Amino acid sequence: MRNLKLASVLLAGTAITGPALADGHLRIVDEPLELTVQMNHARYPRYEESWPVEKIASELTGIHLKDATVGANTRTDENTGKTEALNLMLATGNVPDIVGSSRLKDFVNQYGPEGAFIGLNDLIEEHAPNLKAYLDERPEIRAAIQAANGEMYYIPYLPDGKYGRAYFIRYDWLDALGLEVPQTVEEFEQVLIAFRDNDPNGNGLKDEIPYFARQWPELIRLVTLWDGRSSGSDTYHDFYVDNGALKHPYAGEGYREGIKNLARWYAEGLVDAEVFTRGSSAREYLLSENIGGATHDWFASTAGYNDSLAEKVPGFQFKAMAPPASISGKRIEEHRRIPIKPDGWAIGYTNEHPVETIKYFDFWFTEEGRRLANFGVEGQQYTMVDGKPTFTEEFLTNGKPVNNQLYEVGAQLQSRGYFQDYAYEEQWSNKYALEGIALYDEGDYLIDQFLGVALNADEQKVYDKYWESIRTYMLERQQGWVLGNGDVEADWDEYIATLDKMGYQDVLEAMNSAYKRQYGSKG
């Protein structure tokens, strides 16, 4: 067993389903076994031993998780992907048997090779048949979660389904103004102008906000309409893959053209003047006040306003439309559900029961475990109907958000390594969401995503030295240009030169070195 002082040294250095089996087939240990767990997430800052899902899992497996969370009031650092709680955990040397967290991947891939977390490759091969089957079927997932040394140190949360966000527009406003659904970026602009000028809400006031976003990067997403890119994954501002090489979207020609036009749209009042400051309440407020015209947001939750505002806003129709064709005629949807998240759980170096622990991780990839993780407890949140878990009517119609209810019982926890089942969301997606998904499926608008890389020590040093300041500079200039502080065309050459002076090319070299090692030459 390693000395607990290891942690301080480290910080100073830097669904698989099968046939039904007899009762008891999920039991892992003869005698009950208790394992400690650290779990940090914004939605559930620590593990709750009283969660009904935990109790069922304990009964089935014989393993009980005991909360040992350090620094439960976690605050995620977006730029590095690490949390203060995880740093505190290592600094104190109190590493529990299991460590679960959002943004865990980079942390374990940095400190795992130094001994803070137990490698999982052999454990999975020998003791986790369901996990092994999943990874054998999805080799790209195995590649994506490996550290630079080829070892896996965490089991990730694995989203299911393809579709995430889409373009939504007020169909009732289009009808009121005698307009068709826009098919190109030029037509989209003309519709936004009409929303601004022609009083589609009919109140006699010029109060309409043509385009809004509750997360401001969804404004930047519109650079795709001028053949730019805003991200390569479902994480904002990420690198993207272009012909087998990594690039960053905020250094591309299409991005420059896009920002130039978004600055113009903003100046002309086609974009919410408070888009950078209004925050997460924008969608709720602007739609309920009948002044919001179009956005880019999640299918299920956005389509839900057609039901919730039906009485307050007579005739309200806020439905998905196909991505407008760009200036070169391309229709793409840049956002999609990434098949792997940096969230999940790992085995701490102090764990004296790694075999039992990997078997416990494997439990969540069994038919029963996956159902428990996704739907909660049978008879409480759902019942089996025609062999499928089906949420009860009471659960779906009690006025509480579905995900919040599931978090409260210990289901849908992204700090647990599990394979999501999209059927759980499909059940509370209304007809407008499902129609929108069918529209995007028919058009085949989704593009491939960058699944991330694991940097080795030398690459990590380059990344840590340069990237945070480069990213900050990129975002400062981005918002400044949109708000009219400078001209992207006039400033562009100096902007690119500044990026290079700040180490941008060095970061690209490090990222591409890791990418080629991890994925070969595949684009």
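Which strands does helix α3 lie across, and at about what angle does this helix run to β1? The legends below take up this question and others for a predicted model.

**View 1. An open sheet of 5 strands with mixed pairing.** Read across the sheet, the strand order is β2-β1-β3-β11-β4, and the edges are formed by β2, residues 63-67, and β4, residues 155-156, each of which pairs on one side only. Strands of a sheet pair through backbone hydrogen bonds, in either a parallel or an antiparallel arrangement.

View 2. Leu 35 has Leu 65, in β2, as its bridge partner.

**View 3. Two helices that lie across strands of the sheet.** Helix α3, made up of residues 84-92, lies across β1 and β3, the latter covering residues 98-101, and runs at about 135° to β1. Helix α15, made up of residues 354-363, lies across β1, β2, β3, β4 and β11, and its direction is at about 165° to β11, the strand of residues 344-347.

View 4. A polar atom of the Gln 405 side chain lies 3.0 Å from the backbone oxygen of Lys 400. When neighbours within four places in sequence are left aside, Gln 405 is in contact with Phe 395, Asn 398 and Lys 400.

How values were computed:
Residues numbered from 1 in each chain as written. Predicted model: local features only at pLDDT ≥ 70, side-chain atom pairs only at ≥ 80, totals over all residues. Heavy atoms only, no water. Pairing = 2+ DSSP bridges. Helix = DSSP H or I, 4+ residues; strand = E, 2+ residues; numbered from the N terminus. Contact = heavy atoms within 4.5 Å. Axes fitted to C-alpha atoms, helices over the stretch in contact; angles between N-to-C directions. Polar contact = N/O pair within 3.5 Å; in protein donor to acceptor, adjacent residues only side chain to side chain.
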